[in-house]
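Thanks, everyone. I have one model to go through, and I will keep to what was computed from it.

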Amino acid sequence: MHEHDVIVVGAGGAGLRAAIAAQEAGADVAIVSKLHPVRSHTGAAEGGINAALRDADSWQDHAYDTMKGSDYLGDAPAVEALCQESPEEVIQLEHWGMPFSREEDGRVSQRPFGGLSFPRTTYAGAETGHQMLHTMYEQVVKRGVTVYDEWHVMDLAVTDEEDPADRTCHGVVAYDIQSGEVSGFRADNGVILATGGMGQVFDHTTNAVANTGDGVAMAYRAGVPMEDMEFIQFHPTTLPSTGVLISEGVRGEGGILYNSEGERFMFEHGYANNDGELASRDVVSRAELTEVNEGRGIEDEYVHLDMRHLGEERILDRLENILHLAEDFEGADGLTEPMPVKPGQHYAMGGIETNEFGETVIGGLYAAGECACASVHGANRLGGNALPELIVFGKRAGRHAAGEDMGEAEITTGKDGEWEAADYEFEVEVGDTGGRDPAAADGGAVATDGESVLEAEVDRAKDRVDELLARKGRNHAEIRSQVQETMTDNVNVFREEGRLEETLGDLREAREAYKDVAVSDPSRTFNTDLIHTMETRNILDIAEALTMGALARKEFRGAHWRKEHQERKDDEWLKHTLVSWNDGEPELWYKPTILEGENKTYEPKSRSY
Amino acid sequence: MSTQIPKQTEESTETETEADVASKGDERRAEKRRRAAEERARRQEEEAEKAAADEDTIELKVFRYDPEVEGKQEPRFDTFHVPFTKGMTVLDALMYSRDNYDSSLTFRHSCRQAVCGSDAMFVNGGQKLACKTQIVDLEEPIRVEPLPHAEVQKDLVVDMEHFYDQMEAVEPYFQTNEYPDGELEEQRQTRENREKVKMSTRCIWCGACMSSCNIAAGDNEYLGPAAINKAYRFAMDEREGEDIKQKRLEIIEQEHGVWRCQTQFSCTEVCPKDIPLTEHIQELKREAVKNNLKFW
């Protein structure tokens with residue numbers, strides 16, 4: 001048993017920033033992560049960090065762009081916090097030594113990004129995330145924060161109360177990947193989930209193999225609602241064979257998209273007559289796939305991204321990393337030929353429902369970063385807004401968990417305030433996965449003091465591991481690829497009712513199969529077979545909630561395109577989708593979007609670029 | 001070049017609690033180990049047959065070792081025949097083998113785009129990132145082994161603790177007290193200075209350089225190329241003050257610091273991020289000499 005004031009789960013950008021903030025606020029902090037911190041996927045972010053740093057820019061403009069980009073599904077208190085605090089956070093990173101790209105006068109450089117009214121994306125070449133991750137890990141080392149690396153957190157230790165709002169999180173149960181030991185981590189003040197993306201729900205993704213949405217799934221099973229799960233960002237420029245990301249920075253610097261007929265289709269086919277390649281990501285992704293579907297794609301699969309005209313000097317200065325990626329993973333020389341690109345899953349706008357301080361409906365449980373939904377991105381995230389989200393909300397969650405008084409939250413969590421039950425009838429039953437769920441969700445033995453809750457959870461986890469190792473059954477890899485395939489085929493950029501329903505059926509089958517899952521590697525030493533088996537459960541839970549949200553939302557907003565519903569329906573759908581896990585039965589409900597900001601209300605306008 | 005044979009563990013590394021000991025779980029696991037061994041033998045046979053019939057496969061010889069599993073305690077190589085697809089990397093081939101033939105095949109990997117640094121391995125006698133090593137560039141059969149000069153935990157997974165300790169030994173964090181006056185004002189850094197440190201900041205901590213270094217192999221306390229490069233990253237950054245640079249030079253000048261480097265360039269050759277490591281070590285040696293001369 002390990003005990004700390006604050007336990008941070010995950011060691012990417014949000015986790016590291018949360019740990020630093022909690023430690024600065026006086027807490028004894030530990031990070032528990034299934035990867036060593038420098039292996040986190042924040043390191044793969046390329047483009048940059050939006051921050052209104054210049055006199056000619058303002059946080060208000062940044063907030064306006066973000067609300068518009070979100071298709072008015074962002075919550076203003078969270079969006080404004082993001083835009084107000086990111087300049088200070090970027091300067092903080094610079095003071096920690098982050099090697100930003102520089103202007104002639106020595107200030108950090110900024111460049112244009114899609115959907116921004118000012119070139120406010122600060123960056124370090126095309127490796128901004130790598131530099132940010134390492135800079136923050138250096139600060140964690142400097143501060144001597146305890147890091148338990150290569151520990152996979154299996155579940156949360158939450159009290160068993162009827163109403164999620166009455167539950168308390170006392171810690172986490174984790175599995176030491178190196179030794180096979182299962183251990184409890186008691187958090188006296190709070191647990192912060194910072195487990196990042198869930199791209200492995202799909203099979204063509206820019207996300208790392210480790211991005212299996214563990215934090216989202218375990219919060220869901222403990223009773224925290226998942227918010228706006230249907231909003232998945234597909235990045236318009238990923239390499240066709242692997243899903244490796246080609247930064248929006250390429251288009252920011254002037255890169256051009258061409259179809260097989262050599263047309264600059266963003267303009268020539270009228271997808272975005274003003275902004276062209278720099279329209280927001282949902283617009284460009286749909287344009288590319290429309291070109292392919294109408295027979296103007298290359299090899300019926302992709303389009304071309306050309307940066308040759310930028311010249312070798314500028315490419316090497318600002319986009320050097322892109323040359324290496326295109327060469328190593330696609331065999332294309334960006335200096336002499338256009339690069340093949342197509343849309344790929346990139347980012348989950350939705351996730352664990354939190355308020356603007358990272359608090360969830362369960363006491364002592366926080367979430368920050370991509371796994372959380374505050375919500376700042378709404379229906380579509382602007383490029384360059386993920387990295388400031390990590391630092392701003394990581395810091396806020398860290399400080400709050402450490403006990404700092406941050407005032408009253410404007411965003412409510414759980415069924416507090418106005419909410420509305422969904423009247424959607426699902427054709428397909430959704431449900432349990434087999435294996436044991438936390439007491440809070442399955443109505444198991446009641447324990448209220450932290451110690452016993454955690455102990456009970458540890459016992460359950462040990463039983464689960466023993467069971468998986470001992471029995472004979474199906475391999476997780478087969479089930480995982482079934483999920484990934486149906487999601488990629490049917491819950492992608494373009495969505496239609498029948499195929500979404502079909503997917504729920506496929507997922508139901510995968511759940512049945514998962515009841516027989518077993519680990520064939522009997523070893524307690526570095527058993528990745530076991531870890532991947534546990535992750536597959538998380539992927540299943542998330543895929544189901546995501547598909548339910550996509551079926552229920554009968555409109556076209558941001559990244560969510562529906563064949564049967566080709567308009568944004570503000571009268572009915574200016575609201576968040578929430579899915580709660582009640583005794584293994586997902587329940588769908590809604591709450592209104594908050595459009596009132598500090599000094600203004602963001603009136604929905606039609607979104608054109 | 002031979003792979004270091006892992007130490008046999010003196011006692012079982014199983015860490016179940018009392019409750020598990022003597023439970024049926026143990027028996028079941030023992031039986032499962034036997035079953036796993038049989039299953040593996042059967043699969044290997046099948047694969048060999050399949051490979052003989054199909055020319056479009058590649059042959060992969062992979063190092064196997066597990067201190068806990070009977071039949072894997074003696075290190076050995078397993079052969080996998082993987083259907084070749086265009087653009088396939090060593091990591092793709094390993095994942096295919098794991099997902100289709102033997103789910104106990106163990107290796108670290110995550111981003112599969114050369115930035116997380118977790119899949120550095122010894123491929124055909126050289127330190128490589130499996131994810132960015134194309135199969136077509138390699139001679140068959142492809143030999144995949146764990147990084148040399150590190151303790152093997154299981155299959156291709158090595159203990160990285162020592163590497164991390166060496167990284168931490170150089171105080172790997174920015175230190176300065178000279179902040180600008182304005183509240184929202186960054187420190188200025190010239191483009192030239194950023195260019196100077198740029199390559200050094202690209203290190204992804206994969207450990208390939210350390211594994212390739214003869215000196216590090218013979219002197220366990222040698223800071224090694226990655227840690228010295230990390231020191232370079234800060235010592236050459238104009239935003240850190242002179243007094244701190246002094247402290248950094250002292251760290252890298254210690255007995256097991258820069259002067260151990262014999263300029264063999266092996267680290268520079270294997271670095272997957274093309275960092276001129278040897279050059280950086282030499283530059284720090286020059287800085288150290290200049291620094292010492294000041295006192296004479």
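I will go through the pockets, then a cavity, then a pair of helices, and end with some backbone details.

First, the ground rules. This is a predicted model, in which local features need pLDDT of at least 70 and side-chain atom pairs count only at pLDDT 80 or more, while totals for chains, interfaces and linings use all residues. Residues are numbered from 1 along each chain as its sequence is written, chains are lettered from A and ligands numbered from 1 in the order in which they are written, and side-chain values use heavy atoms, with hydrogens and water left out.

Now the pockets. The search runs on a 1 Å grid over the protein atoms alone; a pocket is an open set of points with protein on both sides within 12 Å along at least five of seven lines, a cavity is a set where a 1.4 Å probe fits but cannot get out, and lining residues have an atom within 4 Å of a point. Points are joined across faces, edges and corners, and a volume is the space filled by probe spheres set on them.

The largest pocket holds about 1000 Å³ of space. It has 32 lining residues, and those closest to its centre are Asp203(A), Gln484(A), Asp92(B), Met95(B) and Arg112(B). Which helix gives the most to this lining? That is H2(B), with seven residues. Helices and strands here are DSSP runs numbered from the N terminus, helices being H or I of at least four residues and strands E of at least two. Helix H14 (476-490) of chain A and helix H2 (90-100) of chain B each supply at least two residues. By class, the lining has 10 nonpolar, 14 polar and eight charged residues. Nonpolar means Ala, Val, Leu, Ile, Met, Phe, Trp, Tyr, Cys and Pro; charged means Asp, Glu, Lys and Arg; the others, Gly among them, are polar.

The second largest pocket has a volume of about 740 Å³. Of its 31 lining residues, Glu327(A), Asp328(A), Phe329(A), Gly331(A) and Gln134(B) lie nearest the centre. This lining has 11 nonpolar, eight polar and 12 charged residues.

On to the cavities: there are 13 of 30 Å³ or more in the whole structure.

Next, the helix pair. The axes of H3 (161-168) and H7 (224-235), both of chain B, come within 8 Å and cross at roughly 25°. Axes are lines fitted to C-alpha atoms, for helices over the stretch in contact, with angles from 0 to 180 degrees between N-to-C directions. Angles under 35 degrees count as roughly parallel, so H3(B) is roughly parallel to H7(B). In contact, meaning heavy atoms within 4.5 Å, Phe163(B), Gln166(B) and Met167(B) of H3(B) meet Ala226(B), Ala227(B) and Lys230(B) of H7(B). Those residues divide into four nonpolar, one polar and one charged.

Last, the backbone. The bond from Ala374(A) to Ser375(A) is cis, omega near 5°; Ser375(A) sits in the loop between strand S17 (372-373) and helix H11 (386-401) of chain A. Glu140(B) to Pro141(B) is also a cis peptide bond, with omega near -10°. Ala114(B), a residue other than glycine, has a positive phi, near 65°, and lies in the loop between H2 and strand S3 (120-123) of chain B.

Definitions and conventions. Parallel < 35°, antiparallel > 145°, perpendicular 65-115°, else oblique.
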